[in-house]
Amino acid sequence: MGSTGAKKPHALCIPFPAQGHINPMMHLAKLLHVRGFYITFVNTDFNHERVSRSGGAMELKHLEDFKLESIPDGLPPEHGRTQDVPSLCDATRKYFLSPFRDLVSKLNGSMEVPKLTCIISDGLLNCTQQVADEHGIPRISLWTTSTCSYWGFLQYQELIERGIVPFKGLSLPPPLPPPYTYNTRYLQHLLLG
């Protein structure tokens, strides 16, 4: 790698492995790249393969300083990742730490890429903080929910302190069986009782 590449700041970007998290992280990575950052974008093996098959990474292939990496998510190939978010969350907590640690060590030990200057990870991937601390790398957390949702989350404590949550005396209809289709009558039942 040339001397100019060695001087670039190097951001490792790792989103939570779901589309609503990957797309905002990719947008941020592209913005940082345009501003002079060397980027390593990390997906799960499953999502990396999906992006490769769809041609989604074609625009990045010609860039020497924007690399795509992948780590395993710990789930079997036949797992329905796009429908079963709770088990995906559980898998990231259980299985991401070790492969992520190995990837960070590999990147920092490589003469081919600049040393990592920051880790930008999804707000749901807390395990990345441990690796960042171990390597003395600053971590930035990207929260991909809307501003309105984030504001709502900030109000939880106030709702608890005022006794509004948990709701008392609220009865909900039974959950629907898969495939969780909501028809008009069911929505009317939910809304109008």
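Is E134 buried, partly exposed or exposed? E134 counts as partly exposed, at 43% relative accessibility. Buried means under 20% relative accessible area, exposed over 50%, and partly exposed in between (1.4 Å probe, protein chains only).

## Basis

This is a predicted model: local features need pLDDT of at least 70, side-chain atom pairs count only at pLDDT 80 or more, and totals for chains, interfaces and linings use all residues. Side-chain values use heavy atoms, with hydrogens and water left out, and residues are numbered from 1 along each chain as its sequence is written.

## Salt bridges

Side chains of opposite charge can pair when their charged atoms come close. The structure holds six salt bridges. The term covers a side-chain nitrogen of Lys or Arg within 4 Å of a carboxyl oxygen of Asp or Glu. Helices (H or I, at least four residues) and strands (E, at least two) are DSSP runs, numbered from the N terminus.

## D65 and K8

D65 is buried, with a relative accessible area of 15%. K8 is partly exposed, at 24%.

## Two bridges from helix α5

K106 meets E69 in a salt bridge, 3.4 Å from N to O. K106 lies in helix α5 (residues 97-108) and E69 in strand β3, so the bridge ties together parts that are 37 residues apart in sequence. K106 counts as partly exposed, at 48% relative accessibility.

R101 forms a salt bridge with E134. Their closest N and O atoms are 2.8 Å apart. R101 is in helix α5 and E134 in helix α6 (residues 127-135), so this pair links distant parts of the chain, 33 residues apart. R101 counts as partly exposed, at 25% relative accessibility.

## A charged network

D90, R93 and K94 form a network. Salt bridges link these residues.

## T44

Where does T44 lie? T44 belongs to strand β2 (residues 38-44). T44 is buried, with a relative accessible area of 3%.

Contact means heavy atoms within 4.5 Å. Leaving aside neighbours within four places in sequence, T44 is in contact with P17, S70, I71, D73 and F96.
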